[in-house]
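These notebook entries set down what I looked up in one structure. I proceed entry by entry and give the rule behind each term.

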Amino acid sequence: MKHWIHWLPGVRTLRQYEAAWLPRDIVAGFVLATMLVPVGIAYAVASGLPGIHGLYATIVPLLIYAVFGPSRILVLGPDSALAAVILGVVAPLSGGDPLRVVTLAGMMAIVSGTVCILAGIARLGFVTELLSKPIRYGYMNGIALTVLISQLPKLFGFSIESDGPLRNLWAIASAILEGRTNLVALAIGLGTLTVILLLKNHKWLPGILVAVVAATAVVGALNLARYGVQVLGPLPQGLPGFAVPLIGYSDILPVLIGGTAIALVSFADTSVLSRSYAARLGTPVDPNQEMVGLGAANLATGFFQGFPISSSSSRTPVAEAAGARTQLTSVVGALVIALLLLAAPNLLEHLPTAALAAVVIASAIGLIEVTDLKRIYRIQQWEFWLSIVCFIGVAVLGVIPGIGLAIAIAIIEFLWDGWRPHSAVLGRAHGVKGYHDITRYPDARLIPGLVLFRWDAPLFFANAEFFKERALDAVAKSPTPVRWLVVAAEPVTSVDVTAADFIGELDQTLQAKGIELCFAELKDPVKDKLKRFGLFTLLGEKYFFPTIGAAVSSFLATHNVAWEDWEDHNKGPTDDIPG
């Protein structure tokens, strides 16, 4: 029973629920619902779906995450960062058929949910940590630009036939020059955007709700639809029904790729947001359970006419500011929206499309990161340029290829330090305990006949030959004939079979020159691997030392070497701190 409860954090929270939390959760749920409705509709339209499906994709995830999600405050639902990914997949495949759009988007949610759940069960929650901050900034800035460009035609009151951010920009500029702008729609959209941006920092004043209600009231009262202003129209009455989104064979590959990309992007953002609130509230969150919760929400919404969802960095603070204590806030919010669909589906029929575009544009602006990129440029320019490459990749190639490029760059970045890591020859520096890199301490003295070689990375197939080359180079550059080569291996956290074979080859090469290969400071798990690989037997267990100092003492005890330490003679050469 305990095993299953682990996967149902909502049940644990319910068991520990305090009566004093109830009023706050209910009030916060009503406040949250007022923001969830316009945002859900706006992101659905931005994703290429009818607005009603934005509410379906809000109700179901809120309820499911309340059971499976580990965070007590995180709010899930449609997200602007995913809109461009969804639109990039469903638009070319659907042929303009709204039913096809809904089916394709539903299956993407199922794919995304399945990937997240499997990864969470397999405890792969660490995977998104491979995306460094500059890379994440790059692709998110690219997505933000793509989303912003996609909404400009709606803001200006016209439509375009094009594909890709750059081609869309050209088509938008051409339409404006041709005089196709609807000035009334533009005025409504810009007014809505202005109100949202002016009120965005007022936690207790829901800027999106104020702006959308005002725009809807103006359009309805003045009947601005007669001037060509497009409106949402009445929503279908009732709740979403269960439906299996069946797609054709030709759709499988792009939907799989898109769904997987969404799983990566949504969990990367969700894990960052979840950890931030966990640290703030003092409630640790399991990233693997977070992945399961996000996956379950996506999987469920895919079967109830929704589309892929993620956590929200704009709606979660609303819930927090309104006093939310647990996921009951999300449940109340979902029930309020469900009541709206049952009792008042025509309430938003005069909501202008230009206002919805303004909501999405405001959210896209919020995704753009500039300030921290400036800091990164100052302290490490190559990571800044990695971010720019990812940004350009998304903006030029499109969202899916751009995210693929970001992932490829992340993998290369992750492996680069391992491929060509830092290494150093160590010596005894005056006035400093331990043995240190002689390039950093030019006055460091070398022990005649002994080379202390430090390798600052795990040993694996990609760097094994380089390790051998650098070790032999250290021997070749020694000012005195070498008797021992001691690898200071404290930074070595792993060794694979390929690297073990290269260590064996290095030992053979050194033996031919009368040199003993030794290791110092190896971690026990790495020692265990070397024992399995047979290297303890090959090199001799006596040549494995717990510290550099122990290796130096053994060398001095077995070789007639004229050596006087910098340190006090009473301390001796082994009283050191390896460095």
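**Entry on the model.** I note that this is a predicted model, in which local features need pLDDT of at least 70 and side-chain atom pairs count only at pLDDT 80 or more, while totals for chains, interfaces and linings use all residues. Residues are numbered from 1 along each chain as its sequence is written, and side-chain values use heavy atoms, with hydrogens and water left out.

**Entry on H3 and H15.** I looked up helix H3 (residues 22-46) and helix H15 (residues 353-367), whose axes come within 9 Å and cross at roughly 90°. Helices are DSSP runs of H or I with at least four residues, numbered from the N terminus. Axes are lines fitted to C-alpha atoms over the stretch in contact, with angles from 0 to 180 degrees between N-to-C directions. H3 is therefore roughly perpendicular to H15, a term for angles of 65 to 115 degrees. On the H15 side I found Leu356, Val359, Val360 and Ser363 in the contact, and on the H3 side residues including Pro38, Ile41 and Tyr43; contact means heavy atoms within 4.5 Å. Ala, Val, Leu, Ile, Met, Phe, Trp, Tyr, Cys and Pro count as nonpolar, Asp, Glu, Lys and Arg as charged, and the others as polar.

**Entry on H7 and H18.** I found that the axes of H7 (residues 133-156) and H18 (residues 399-419) come within 10 Å and cross at roughly 170°. H7 is therefore roughly antiparallel to H18, a term for angles over 145 degrees. H7 contributes Ile135, Tyr139, Ile143 and Thr146, and among the H18 residues are Val399, Ile403 and Glu413. I recorded eight nonpolar, one polar and one charged residue in the contact of H7 with H18.

**Entry on salt bridges.** I counted eight salt bridges, each a side-chain nitrogen of Lys or Arg within 4 Å of a carboxyl oxygen of Asp or Glu. One joins Arg375 and Asp372 at 2.6 Å, N to O. The two lie about one helical turn apart because they are three residues apart in helix H16 (residues 371-379).

Key:
Angles under 35 degrees count as roughly parallel, over 145 as roughly antiparallel, 65 to 115 as roughly perpendicular and the rest as oblique.
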